[in-house]
Amino acid sequence: SLTLSWEDMNYAHANNDGTKRSDGLYTIRPEVDYQFKDWLSAGVWYQFRNRDSNVNGDDYNSNKAGVFVKALF
């Protein structure tokens, strides 16, 4: 599966310099899984997240990865 998201966040309160904070946040997350049995599957995922802000110091990039096992009882 592939998850793509975009969020435009505008904050109501002004910063100390009088500007209103505005952030753009996007996420990309591919995931691959394999079903071994009807009740057992496993997979891996990777997620990249980026925040672009008009406030200095609030920008960031995030990289995460994971492995999972699902068992249904």
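**Figure 1. Surface and dimensions of the whole protein.** The structure is a predicted model, in which local features need pLDDT of at least 70, side-chain atom pairs count only at pLDDT 80 or more, and totals for chains, interfaces and linings use all residues. Residues are numbered from 1 along each chain as its sequence is written, and side-chain values use heavy atoms, with hydrogens and water left out. The C-alpha trace spans about 60 × 20 × 15 Å along its principal axes. The radius of gyration of the protein is 18 Å, whereas a compact globule of 73 residues would have a value near 11 Å; this radius is taken over C-alpha atoms, and the globule rule is 2.2 Å times the number of residues to the power 0.38.

**Figure 2. Burial and contacts.** Of the 73 residues in the protein, 23% are buried, a term that denotes under 20% relative accessible area, with exposed over 50% and partly exposed in between (1.4 Å probe, protein chains only). Among contacts between residues at least 6 apart in sequence, 39% join residues at least 24 apart; a contact requires heavy atoms within 4.5 Å.

**Figure 3. The four-stranded sheet.** The protein contains four strands and zero helices, where helices (H or I, at least four residues) and strands (E, at least two) are DSSP runs numbered from the N terminus. The strands form an open sheet in the order β1-β2-β3-β4, with antiparallel pairing; two strands pair if DSSP finds at least two bridges between them. Because β1 (2–14) and β4 (60–71) stand at the edges with a single partner strand each, one side of each has no neighbour in the sheet. Neighbouring strands are turned by 15° against each other on average, direction ignored; the axes are lines fitted to C-alpha atoms, for helices over the stretch in contact, and angles run from 0 to 180 degrees between N-to-C directions.

**Figure 4. The pairing of β1 with β2.** These antiparallel strands are joined by ten bridges. Thr3 has Arg29 in β2 as its bridge partner. The hairpin of β1 and β2 has five residues between the strands, and Gly18 takes a positive phi near 95° there.

**Figure 5. The pairing of β2 with β3.** Strand β2 (residues 20–37) runs antiparallel to β3 (residues 40–53), and twelve bridges join them. A hairpin of two residues connects β2 to β3. Asp23 stands opposite Ser53 in β3, and Tyr26 stands opposite Asn50 in β3.
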